[in-house]
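This briefing covers the pairing of charged side chains. Look over the sequence and the coordinates before reading on.

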Amino acid sequence: MNTQRTLLASAILAAISSSAFANADAAAPDPQGAAQPIQQVVVTANPFRTSEGDQILTPAKVLQGDELRDKAGSSLGETLSQELGVSASAFGAGASRPIIRGMEGPRVKMLENGMAVSDVSGLSNDHAVAAEGAVAHQIEILRGPAALLYGSGAIGGLVNVVNERIPTALEPKLTGQAEARYSTVDTGKNGSGTLDGSIGKFALHADGNWRNAADYKIPGTRVIGDPESGSGRLANSFTRERNVGLGSSYVDDWGYVGASVSHLTNLYGIPSAEGSRIDQKQTRYDIEGLVKAPFAGFENLKFKAGHTDYEHAELGEDDAPEVQFTNRSTETRVELSHLPVAGWRGTFGIQTENTHFAALSAEGGPDTVPATRSTSQAGFLVEEKDLGPVRLSAGARLEHVKRQPITGLERSFDLKSGSIGALWPFVQGYGAGLTFSYAQRAPATEELYSHGPHDATVTFDIGNPDFNKEVSRNVELSVQKTSGLVRWKANLYRNKVNDYIYGNVTGVLLDEEGNPGDELRERIFEQGDATIRGAEAELTYNEHGAGWSGRVFADRSRGKLDAGGSLPLQPADRIGASIGYKMDALRAGLSLVHARGQDRLASFETTPTDSYNQLNANLSYTQKAGAYDLTYFVLAKNLLDDEIRVSTSVLKDIAPLPGRSFVFGVRAKF
């Protein structure tokens, strides 16, 4: 497809773009007057593996290339925190998970190459996501029907980290990149690299990342309005991470089959008053294959299987483990894509998962979560069809989930989820989309069976084995302009959730045994009907073309319990603007995000969050050095040195975000 270079490839929502719009853009001139081909951004987590600009009724954002490298942080949440509708939990530098439209935890699924990350980051904000963005080829954010391929519970959406550890094509020559960067705010040092090549019909891949960062500097005092709480550096905000991955595949005309192995270690601090640390380890094994045209009438057959061995220990002041978290998970997926039948094309398949999870006391006290085996079996179907100018997209998923604790009540849940939407290009270059979805989520293991201390969050968690499944009904309206130098999009959504599960901090203080004391806050998981409403809008100018570019955006969401009161940790309203310039070897940009004060508090939250301004900038220069492209770059974060405390952080009152920071780096590609 030929289209102008200025096409907004990295920010078009799938809900309101289609091939009908592409014809209007074909061979359109860029700002310099020359026709340019668009860089294709393929959304791998979409069943049709189409480019981001061709997504149907699946709001999508893909970060890759220079944009990903500029936004890359020490955690996945930090990397994605300024995307439309996305905030972060911000539990120190080591642990920050994406929050999509006010949804967090198990409602936002984390994937690596289309398979569950299988860590325990959905259980609590202090747990880091075991997927590394520094070696990612791209990071995808999806909502809508495509999410049904990966789990009924992903009502907030999903994030897919694509590192291509199992290569799908033969590189004609050795390719790769290496990067080194240094950050001033935490004297952080980070080195990462990827390498791809082939020997005959065997494709090979290797990647690695190394990060050491000390406690970061903060602009003011640690605790709001308390000069005695300390300033300078935020104690226990360090991180030390290592990650390595190897993969290979056999590639032929019929498709490919391959395998990979990776290992992650991550030691990071929790900047709470208690000063806990988390020692995280994960080993992951994956196999994947694709067979083209396996049977008459079918486009391809894809199969995946993965096994994850995860553990982390929460360490006290004496470095002795207090709670040991483990998760052993095996997942399988088979997907079959068919050729059009009566105008419908799509993908159907089955998925199974078998996990053994536990959060056990290392000191002989009550276990936070007993050892529990969970199994699930699911079948899914995602289809799309053109009806004249209108394009339909629909998905359905049936799933059976069973929880079997070593002690306690066994539970099983039959889940039904579905989504349907329509896209109408009412005028050339403009489109409107409407999507309805219905999803059911089984309560997570910790929501059912928790009954013990969680030292890193300073809580004594209490679950309820009698919980009902969550039931979500969502409607979303999207409108977008998809052609020309100036493009825009706007989304309105409403999500009604019956039996929404949330943690309620009661104000009661308990000891490590669950008796009255003064060490831990009692947190009881509860259920109540809730409604989440929100709006998003974005306008861009020539974002990927040469010369000047610009962007403005705004987003807001409101989460309330129907019985009264706000849901916990609600994101603040935001508005942002950026300007960029790109010409030949030079690239520069400046962005400002303003977050309003947030005083919509849950019943147990006590302090509102002040507004803040976050000013970032980037400057880079690329030169040829033989067979290498060398890029020298400087990133500036929080240039105003503003005291930033985010309402989505449990630690906002005692742990602000880093102050002014400069990141100096060099990247080599060959």
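Is Arg667 buried or exposed? Arg667 is buried, because its relative accessibility is 3%, under the 20% cut-off. The model is a predicted one, and 41 salt bridges are found in it.

**Asp66 and Arg667**
- A salt bridge joins the side chains of Asp66 and Arg667, with an N to O distance of 3.8 Å.
- Asp66 belongs to helix 2 (residues 65–71) and Arg667 to strand 31 (residues 661–669), so this contact ties together parts 601 residues apart in sequence.

**Arg107 and Glu470**
- Arg107 and Glu470 form a salt bridge in which the closest N and O atoms are 2.5 Å apart.
- Arg107 sits in the loop between strand 3 (98–100) and strand 4 (108–112), while Glu470 is in strand 23 (residues 470–481), so the pair ties together parts that are 363 residues apart in sequence.
- Arg107 is buried at 3% relative accessibility, and Glu470 is buried with a relative accessible area of 2%.

**Arg333 and Glu335**
- Another salt bridge pairs Arg333 with Glu335, and its closest N and O atoms lie 2.7 Å apart.
- Arg333 counts as buried, with 1% relative accessibility.
- Glu335 is buried too, with a relative accessible area of 10%.

Methods
Residues are numbered from 1 along each chain as its sequence is written. This is a predicted model: local features need pLDDT of at least 70, side-chain atom pairs count only at pLDDT 80 or more; totals for chains, interfaces and linings use all residues. Side-chain values use heavy atoms; hydrogens and water are left out. A salt bridge is a side-chain nitrogen of Lys or Arg within 4 Å of a carboxyl oxygen of Asp or Glu. Helices (H or I, at least four residues) and strands (E, at least two) are DSSP runs, numbered from the N terminus. Buried means under 20% relative accessible area, exposed over 50%, partly exposed in between (1.4 Å probe, protein chains only).
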